[in-house]
Amino acid sequence: MRMIIIFYTTKKLNLRSPFKQQNMAPFHSLRSLFIFVCLLATFSIQAQTKNFASGDIFGNNYLVKNKGQFDHLALHIKKIDAALHQGNTEVYFSADGFQFHTLQQNIVTELKEDEKLEEHENIELIKEDWFALHWIGANQQAQFWPEGKSLHYYSYGDEAMNSFGYKKITYKNVYPGIDIMYEVHPKGGIEYSIFVSTADNLNAVKFNYTAQHEIETDISDDKIIIKNSTGQLVESGIKAFYQNGTPIKIKYQETNGVVQFKPLEKTDQEQSFTIDPWVTAATALTGVTAATHGFDVDYDLGGNLLVMGGGSGSNSITNAPKVAKYDLAGNLLWVFAGYNVAPAWNACMISTQMGNFVVDKYSSKTYISQPYTPNGSRMLRLNPAGNFDNYISQANNQMEEIWEMKFNCNTGKIIACGGGTSSNLNFGLVDTMTGAVSTSNITGQTAIAQDIACAALDINGELY
């Protein structure tokens with residue numbers, strides 16, 4: 001049942017201060033009207049919603065098609081068709097193979113007074129590497145064929161880069177009579193399948209593993225281990241079978257660093273078959289992987305739920321903390337990947353830290369802050385569709401950290417709580433029109449490095 005309430009008044013409503021007392025009939029005040037209407041809205045929303053749960057809050061289990069958002073990696077990879085970002089796992093795919101991006105990094109847990117992050121005695125520069133499997137002699141014009149399209153999309157700022165994810169991707173005719181398919185393995189990493197039309201075609205399939213830094217390689221009949229100081233890559237679980245499911249005994253065969261697949265029994269030339277290994281990376285990255293965890297939530301007046309979290313536990317630009325938006329029914333609508341391509345902005349600048357976010361409940365626009373940033377934490381704004389809204393707040397080097405955010409409906413400004421490593425400032429007002437940040441101290445304490453981590457805002461705009 002839908003209820004419509006019509007009311008009128010001869011008094012002018014003060015929309016900028018909607019909770020002040022008004023002499024209205026039949027209501028005692030506009031506050032009463034607001035609460036009454038909100039209750040009706042709540043009943044309406046409750047009537048539409050249903051319970052739901054997500055085991056993959058930020059859509060990590062998809063291979064995301066490249067529409068330009070990964071082109072900044074061209075220094076390492078000439079061409080990228082799709083990518084997997086799953087916690088500490090970053091994989092990039094092209095017709096001639098795939099590359100795992102690995103990181104080794106120490107976590108700074110505490111700074112001494114007056115100490116800058118870059119001066120910390122235990123910090124190390126990030127070590128990274130790109131472990132690559134190359135299909136030797138592969139057809140560079142192999143057809144790219146994605147399957148299992150996601151209902152949600154991934155945002156990287158510019159709407160033109162909104163990209164869908166896929167459960168699997170296939171390259172057709174990588175070699176004559178050979179197709180290669182990639183998909184996300186349920187235990188992490190990727191699984192690739194080689195579809196072989198006849199055993200004679202299999203002779204053309206050759207590959208090797210390389211990396212930017214020196215690697216150690218251990219190849220046995222059923223496992224390949226590639227490792228260096230940044231981590232290791234393991235290919236294992238190899239199996240082969242005909243289309244009717246009959247297994248085929250098979251092994252790896254390595255000659256001068258080139259690997260091939262060697263059946264251990266005579267194969268039926270009349271039947272096609274599949275070879276199916278599993279590849280996973282173990283990095284030397286320390287800290288907790290946050291890929292599947294949501295750390296804060298907010299909502300808009302349309303009943304949509306927004307969640308911030310995810311990320312890899314590193315400051316890898318392609319695996320920053322994310323924001324996901326769900327509708328009333330629990331459908332994932334979009335995932336903002338945590339970085340904006342142009343102008344460049346990243347939600348995770350240093351180590352494993354994460355800032356925060358807040359939603360303007362009326363406009364459904366989302367503001368995301370950076371954590372500790374030496375030149376000042378900057379906020380980025382998304383429109384309701386999860387795209388960059390042409391707004392990044394100004395950097396203020398007296399406000400290096402923003403850990404909590406509130407949206408003041410009365411003033412239209414963002415209240416930013418945080419701190420800095422060189423002053424006692426812990427509070428800021430961010431103008432949502434100009435991006436200017438004005439700072440102050442609200443504790444009365446003079447010591448530097450004060451951090452406000454949590455706050456509450458009442459309906460009058462007063463902060464606790």
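User: How many salt bridges does the structure hold?

Analyst: The structure holds six salt bridges. A salt bridge is a side-chain nitrogen of Lys or Arg within 4 Å of a carboxyl oxygen of Asp or Glu. This is a predicted model, in which local features need pLDDT of at least 70 and side-chain atom pairs count only at pLDDT 80 or more, while totals for chains, interfaces and linings use all residues. Residues are numbered from 1 along each chain as its sequence is written, and side-chain values use heavy atoms, with hydrogens and water left out.

User: Which residue forms a salt bridge with Asp 298?

Analyst: The partner is Lys 361, and the closest N and O atoms are 2.9 Å apart. Asp 298 lies in strand β20 (residues 294-299), and Lys 361 lies in the loop between β26 (357-360) and β27 (365-368), so the pair ties together parts that are 63 residues apart in sequence. Strands (E, at least two residues) and helices (H or I, at least four) are DSSP runs, numbered from the N terminus.

User: Is Asp 298 buried or exposed?

Analyst: Asp 298 counts as buried, at 11% relative accessibility, whereas Lys 361 counts as partly exposed at 22%. Buried means under 20% relative accessible area, exposed means over 50%, and partly exposed lies in between (1.4 Å probe, protein chains only).

User: Which residues are linked in a network of salt bridges?

Analyst: Lys 365, Arg 381 and Asp 389 are linked in such a network. Within it, the side chains of Arg 381 and Asp 389 meet at 2.7 Å, N to O. Arg 381 and Asp 389 are both buried.

User: And what is the N to O distance for Lys 79 and Asp 81?

Analyst: That salt bridge has an N to O distance of 3.8 Å. Lys 79 is partly exposed, with a relative accessible area of 47%, while Asp 81 is buried at 12%.

User: Turning to β20, how many bridges join β20 to β21?

Analyst: Five bridges join β20 and β21, and the two strands run antiparallel. Two strands count as paired if DSSP finds at least two bridges between them. Val 297 stands opposite Val 307 in β21. The hairpin of β20 and β21 has five residues between the strands, and Gly 303 there takes a positive phi near 85°.

User: What is the strand order in the open sheet of four strands?

Analyst: The order is β30-β31-β32-β33, with antiparallel pairing. The edge strands, β30 (401-408) and β33 (437-440), each pair on one side only. Neighbouring strands of the sheet are turned by 25° against each other on average, direction ignored; axes are lines fitted to C-alpha atoms, for helices over the stretch in contact, and angles run from 0 to 180 degrees between N-to-C directions. Strand β31 (residues 413-419) and strand β32 (residues 427-430) pair over four bridges, and Ile 415 stands opposite Leu 429 in β32.

User: Now the cores. Which residues have the most contacts inside the largest nonpolar core?

Analyst: They are Phe 93, Phe 98, Trp 135 and Phe 261, in a core of 44 residues. A nonpolar core is a set of buried Ala, Val, Leu, Ile, Met, Phe, Trp, Tyr and Cys residues joined through side-chain atoms within 4.5 Å. A second, separate core of 21 residues includes Val 64, Ala 83, Trp 130 and Tyr 156.

User: What is Trp 135 in contact with, leaving aside neighbours within four places in sequence?

Analyst: Its contacts include Tyr 175, Ile 180, Tyr 192 and Phe 207, where contact means heavy atoms within 4.5 Å.

User: Finally, how many helices and strands are in the protein chain?

Analyst: The protein chain has two helices and 33 strands. Of its 464 residues, 48% count as buried.
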